[in-house]
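Visitor: Could you walk me through this model as someone who is new to it? I would like to learn how to read its features one by one.

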Amino acid sequence: MNKKIVLLCSDCFSTTTLFNHINERFPVQQIIIEEPMRGMALAKRRFKKLGFFRTTGQILFSLIIVRFVRMTAGKRIKEIIAHYKFNESALPRDKIKRFVSANDDECIGFLRELQPDIVLVNGTRILSKKLLSSTNAVFINMHTGITPQYRGVHGGYWAVVNNDPDKCGVTIHLVDKGIDTGAVLYQGLIQVTKKDNFVTYPYLQFGEGIPLVGKAVEDAVLGKLQPRVSPGEKGTLWYHPTIWQYLYHRIFKNKN
């Protein structure tokens, strides 16, 4: 049974490996990439939502801590990539269409013209109701956290900080108008070692999650998609850690 599959994504490592995994069995017709929000535009948005103090702490965390931790994690990241046998082949340029935002009218119009059956979402900003209603496609997202307890960002890190190994993992879910609130399709846990840290947790989550996306796509193609009933629990929405949050957990809880 042929289904038209579109990948709606950001330009990142997980998008490349996800596309290659899915495309081996179920050809992806189109890759829609939205440009990331950076610089002052992103900062202003966070200042408005989270306040000056918290946003400043997040920026310092990204500029100082993440850069340093990433420098020390290179060997471990290579181990994870080799273990999961990620396919890092470049995305085919002839399938790529870029937009400033997935929620722009131009992108919505393009998606409406495609009329896909399945839209795989990866690493985009929150999708608008207008976009989600522009097509009858099923929207499937890979979220790096166990929902509903770890919605938002860095679900693996926050689960580690909270000593919550039974909720440290990845969720494949349907996309609705909420933030990671859609009905769950599949979930998988990751095994964190002493060699892992903030920047390696996502790679472990990709390794467990990408095959689960493949299962969800297979279900959708065969007409056997069976989402779990949403528990009605909203859970907690997690944000980027601030530099002082990270240092506190690193120094006093030995969580990195």
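Guide: We will go through helix packing, aromatic rings and some backbone details. Please keep in mind that this is a predicted model.

Visitor: Let us start with helices. At what angle do helix H4 and helix H8 pack?

Guide: To read a helix pair, look at the angle and at the distance between the axes. Helix H4 (residues 74-84) packs with helix H8 (residues 201-221) at about 5 degrees, and their axes are 10 Å apart. Angles under 35 degrees count as roughly parallel, so H4 is roughly parallel to H8.

Visitor: Which residues of H4 and H8 make the contact?

Guide: On the H4 side they are Arg76, Ile77, Ile80, Ile81 and Tyr84, and on the H8 side Tyr203, Leu204, Gly207 and Glu208. Sorted by class, this contact of H4 with H8 has six nonpolar, one polar and two charged residues.

Visitor: And how do helix H3 and helix H9 cross?

Guide: The axes of helix H3 (residues 52-72) and helix H9 (residues 243-252) come within 6 Å, crossing at roughly 55 degrees. That makes H3 oblique to H9. From H3, the residues Phe53, Gly57, Leu60, Phe61, Ile64, Ile65 and Val69 meet Ile243, Trp244, Tyr246 and Leu247 of H9. The contact of H3 with H9 divides into ten nonpolar, one polar and no charged residues.

Visitor: Now the rings, please. How many aromatic pairs does the structure hold?

Guide: There are 15 aromatic pairs in the structure. For each pair, read the distance between ring centres and the angle between the planes.

Visitor: What is the arrangement of tyrosine 157 and phenylalanine 198?

Guide: Tyrosine 157 and phenylalanine 198 pair edge-to-face, at 5.2 Å centre to centre and 75 degrees between the planes. This pair links distant parts of the chain, 41 residues apart: tyrosine 157 is in helix H7 (residues 155-161), while phenylalanine 198 is in the loop between strand E8 (184-189) and H8. Tyrosine 157 counts as buried at 1% relative accessibility, and phenylalanine 198 counts as buried at 9%.

Visitor: Which residues form an aromatic cluster?

Guide: One aromatic cluster is formed by Phe61, Tyr150, Tyr157, Trp158, Phe198, Trp238 and Tyr246. A ring can also have a charge over it: the charged end of lysine 97 sits over the ring of phenylalanine 110, 5.8 Å from the ring centre.

Visitor: Last, the backbone. Where is a cis peptide bond found?

Guide: For this, look at the omega angle. Threonine 147 and proline 148 are joined by a cis peptide bond with omega of about 5 degrees. Proline 148 lies in the loop between strand E5 (138-143) and strand E6 (150-152).

Visitor: Which residue has a positive phi although it is not a glycine?

Guide: Glutamine 115 is one of them, with a phi of about 50 degrees. Glutamine 115 is in the loop between helix H5 (105-114) and strand E4 (118-122), and counts as partly exposed at 38% relative accessibility. Asparagine 163 also has a positive phi of about 50 degrees. Asparagine 163 lies in the loop between H7 and strand E7 (169-174), and counts as exposed because its relative accessibility is 55%.

Terms used: Residues are numbered from 1 along each chain as its sequence is written. This is a predicted model: local features need pLDDT of at least 70, side-chain atom pairs count only at pLDDT 80 or more; totals for chains, interfaces and linings use all residues. Side-chain values use heavy atoms; hydrogens and water are left out. Axes are lines fitted to C-alpha atoms, for helices over the stretch in contact, and angles run from 0 to 180 degrees between N-to-C directions. Helices (H or I, at least four residues) and strands (E, at least two) are DSSP runs, numbered from the N terminus. Angles under 35 degrees count as roughly parallel, over 145 as roughly antiparallel, 65 to 115 as roughly perpendicular and the rest as oblique. Contact means heavy atoms within 4.5 Å. Ala, Val, Leu, Ile, Met, Phe, Trp, Tyr, Cys and Pro count as nonpolar, Asp, Glu, Lys and Arg as charged, and the others, Gly among them, as polar. Rings of Phe, Tyr and Trp (its six-membered ring) pair if their centres lie within 6.5 Å; planes under 30 degrees apart count as stacked, over 60 as edge-to-face and the rest as tilted. Buried means under 20% relative accessible area, exposed over 50%, partly exposed in between (1.4 Å probe, protein chains only). A charge sits over a ring if NZ of Lys or CZ of Arg is within 6 Å of the ring centre and within 35 degrees of the ring normal.
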